[in-house]
Amino acid sequence: MDFVLDIADKFVFDYVYAFIYLKGLGSLNVWERTHIVRQFLSLFLITWAFGFMLYFICASLSYILVFDRGLQEHPRFQKGQIKMEIRQASSAMPVMALLTAPFFLAEVRGYSKLYHALSEAPFTGYTLLSVPLFILFTDLFIYLIHRSLHHPLLYKRLHKPHHKWVVPTPFASHAFHPLDGWSQSLPYHIFPLLFPLHKFIYLGLFGFVNFWTVGIHDGYFLSHDPVINGSACHTMHHLYFNYNYGQFTTIWDRIGGSYRKPNIELGSKETDTRQKEWVHQSTEIRNIEKKLA
C-alpha cells in the first residue's frame, strides 16, 4: 500500500494538504508525508475511493455482461432492489474504509511482512506459493467468521441486512452492515501481518478478492464444480441461509457439514422448470425465515 500512497501523495495529497495548511488548519508538521495523522487520513480516503470504484465498475460490468436477468422475475426479487443494494453498499463503504485504514497504516509504517524485492522472499518459489497459501488461509477464516455471523446473537444485529437480498445481483456483493463486511475482510489484512507476501501480489489479490465477491453474486451458474465456491453455491447460501459459508472453495463447508449442492434447475433457461423450482424455494424460504424471526 506504500506504493499506492506514494503515487497519491505525489499527484493529489501534496497539493490538498498544502492548501489545508495554508488555510490555517493544523501545523506544517501534521501535513508532512510521514506524519501518522496524514497517512491515516490519506489511506482512509484511498480505501474508500478505490473500494467504491472497484465495486461499481466490477458490479456494473457483471450486471451488464454476466448477470442472469431472468432472476429478476423470481418472486423474492424486490421492487427497486438494485437501487437499494447500491444505497446500502455506498453507506457501508466509508465505515468499512475507516475500520480498514489502520491495517494499511500498519503496513505503511513497517509492521507487516510485505516485501518488495523477490530476494526478500523466505525461499525460492515462495512468492508463487504465497498465492494459494493466501487463498487457503482467507477461505478458512472467512468460513469461520461468516458461519459465526449466522449465530442468533450476531445474525439479527449484523448479518441480516445482507440476507435481505434473497435473490442478489452483483450490486449486493458489498451491500453489508459495515461491521459485517469489515469482519469478513479481516483475514485479508491479517495474513500479511503473519506471513511474508509480495507487495504487488498483495495489491493484485485485493483486486481479485473484490472481483470474486462480485462474481459469486452474479447469478450465472457457470460452475457446478464440487470444490470451487462459485455463484451457484453462493446463491444457495442466500436462498437457504445456513449453507455454503465459504468464499473461494467448498472444502470447509464439506468438513463442517454445511455444504449444499446447487440446484441444477436454478441455472435452467426453461421458464417452466424455473418457475416450479421458485415455487418450491419460496415455501422453504418462508419456513426458514419464520425460524430466524
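This is a predicted model: local features need pLDDT of at least 70, side-chain atom pairs count only at pLDDT 80 or more; totals for chains, interfaces and linings use all residues.
Of the contacts with a separation of 6 or more, 72% are between residues 24 or more positions apart. The protein has 10 helices and two strands. Read from the N terminus, its elements follow the order α-α-α-β-α-α-α-β-α-α-α-α.

Helix H3 covers residues 81-108 and helix H6 covers residues 178-194. Their axes lie 9 Å apart, and the two helices pack at an angle of about 15°. Because an angle under 35 degrees counts as roughly parallel, H3 is described as roughly parallel to H6. The crossing of this pair is right-handed.

Which residues of H3 and H6 make the contact? From H3 come Ala92, Val95, Met96, Leu99, Thr100, Phe103, Phe104 and Glu107. From H6 come Pro178, Leu179, Gly181, Trp182, Leu186, His189, Ile190, Pro192 and Leu193.

Is the residue Gln88 buried or exposed? Gln88 has a relative accessible area of 16%, and it is buried because that value falls under the 20% cut-off. The side chain of Gln88 forms a polar contact of 3.1 Å with the side chain of Trp165. Leaving aside residues up to four places away in sequence, Gln88 touches Pro161, Trp165, Ala175 and Phe176.

Let me return to H6, this time with its partner H7. Helix H7 spans residues 199-215, and the axes of H6 and H7 come within 11 Å, crossing at roughly 165°. H6 and H7 are therefore roughly antiparallel to each other. Their crossing is right-handed. In this contact, Tyr188, His189 and Pro192 of H6 meet Tyr202, Phe206 and Val209 of H7. The residues involved divide into five nonpolar, one polar and no charged. His189 and Pro192 of H6 belong to this contact, and His189 and Pro192 are also listed in the contact of H6 with H3.

Next comes helix H8, residues 231-240. How many of the residues of H8 are buried? The count is 10 of the 10, so H8 is largely enclosed by the rest of the structure. The buried residues are Ser231, Ala232, Cys233, His234, Thr235, Met236, His237, His238, Leu239 and Tyr240. Just after H8, Phe241 adopts a positive phi of about 70°.

Finally, I would draw attention to Phe50, which is found in helix H2, residues 36-65. Phe50 has a relative accessible area of 36%, and is therefore classed as partly exposed. Where along the chain Phe50 and Gly207 are concerned, the two are 157 residues apart, and their C-alpha atoms are separated by 9.8 Å.

To close, I would set the two packing pairs side by side. H3 and H6 are roughly parallel, whereas H6 and H7 are roughly antiparallel. The crossing is right-handed for H3 with H6, and right-handed for H6 with H7.

Key: Residues are numbered from 1 along each chain as its sequence is written. Side-chain values use heavy atoms; hydrogens and water are left out. Axes are lines fitted to C-alpha atoms, for helices over the stretch in contact, and angles run from 0 to 180 degrees between N-to-C directions. Helices (H or I, at least four residues) and strands (E, at least two) are DSSP runs, numbered from the N terminus. Angles under 35 degrees count as roughly parallel, over 145 as roughly antiparallel, 65 to 115 as roughly perpendicular and the rest as oblique. A crossing is left-handed if the near helix is turned anticlockwise from the far one by less than a right angle, and right-handed if clockwise. Contact means heavy atoms within 4.5 Å. Buried means under 20% relative accessible area, exposed over 50%, partly exposed in between (1.4 Å probe, protein chains only). A polar contact is a pair of N or O atoms within 3.5 Å; within protein, one must be able to donate a hydrogen and the other to accept it, and residues adjacent in sequence count only if both atoms are side-chain atoms. Ala, Val, Leu, Ile, Met, Phe, Trp, Tyr, Cys and Pro count as nonpolar, Asp, Glu, Lys and Arg as charged, and the others, Gly among them, as polar.
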